[in-house]
Amino acid sequence: MSYNHKLKILPLIVIFLLIVQCSLVDKTCIALVASPFTTVYEQRIIHSPDGIGKYYMGREIAKVMGYTGAGWLERPNREEEEQPSKVVNALNLKPNNVVADIGAGTGYLSFRIAPLLTDGKVLAVDVQPEMLEIIELFKKEKNITNVEPVLATLSDPNLPSKSVDLALMVDAYHELEYPQEVMQGIVKALKPGGKVALVEYRGENPFIMIKGLHKMTQKQVRKEMQAVGLVWRETKNLLSRQHLMIFEKPDSSDVLTR
């Protein structure tokens, strides 16, 4: 075998050995070696036990709370702890608005918003069919007809294009396994000038007794929203432990005039 031929096959041998080594440690490593430039995510073998080992823009994604935690979402002291009524009041909703409650869970927020939308509706979006079954049950119990359950996928909110005035996420964004793809789907679903309202526990405050991966700083949230084309408008500091951050989808006419 000539010296030049050996030089040509040496990189292939190195790549093969690297893939074999990764496969012995973690299957996800193979994907990273095979396509290092096709993903915005990074998978790490060593990571927090509260996360999934997947990182987005330097942040580890938290584990999702399953449908077995539905009782916690409906706990009697949630109003006292999180003051969701303040969130609803601060959204300045109009009667004909279409609101997408992303990560709706049991519909705790959906059913508090729906009565305000006398000519509109709430799209209660979740990836867990069991949560949507609970929402259907509550619809009948509460006799509320303008809450529509929507089954999403991990990477797609499954919402019609330009159909939503406001997308609301309460303590849910940090658990999205594919945050960029989901947010791109939400931006597509927003009407021009539509808004996203994000509620997250304050990552800047170490004294808030919530697991670290279930909190986010304003800086991190704004960076991730900017990546999908949303513009930060304001942060309403009306909650004692959480940020309420408002972002907007720019109107195309506004963009053209800048």
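Modeller: Happy to! Rings of Phe, Tyr and Trp (for Trp, its six-membered ring) pair if their centres lie within 6.5 Å; planes under 30 degrees apart count as stacked, over 60 as edge-to-face and the rest as tilted. By this rule there are three aromatic pairs. Please keep in mind that this is a predicted model, in which local features need pLDDT of at least 70 and side-chain atom pairs count only at pLDDT 80 or more, while totals for chains, interfaces and linings use all residues. Residues are numbered from 1 along each chain as its sequence is written, and side-chain values use heavy atoms, with hydrogens and water left out.

Let's begin with tyrosine 41 and tyrosine 56. Their ring centres are 5.4 Å apart and the planes meet at 45°, so this pair is tilted. The pair links distant parts of the chain, 15 residues apart: tyrosine 41 belongs to strand β1 (residues 41–43) and tyrosine 56 to strand β2 (residues 51–56). For these element names, helices (H or I, at least four residues) and strands (E, at least two) are DSSP runs, numbered from the N terminus. Tyrosine 41 and tyrosine 56 are both buried; that word stands for under 20% relative accessible area, with exposed over 50% and partly exposed in between (1.4 Å probe, protein chains only).

Next come phenylalanine 111 and phenylalanine 138. With 6.2 Å between the ring centres and 85° between the planes, the pair is edge-to-face. This pair also links distant parts of the chain: phenylalanine 111 sits in helix α6 (residues 110–113) and phenylalanine 138 in helix α7 (residues 129–142), 27 residues apart.

A tryptophan ring gives another example: arginine 222 lies over the face of tryptophan 232, 3.9 Å from the ring centre.

Technical notes: Lys NZ or Arg CZ within 6 Å of the ring centre and 35° of its normal.
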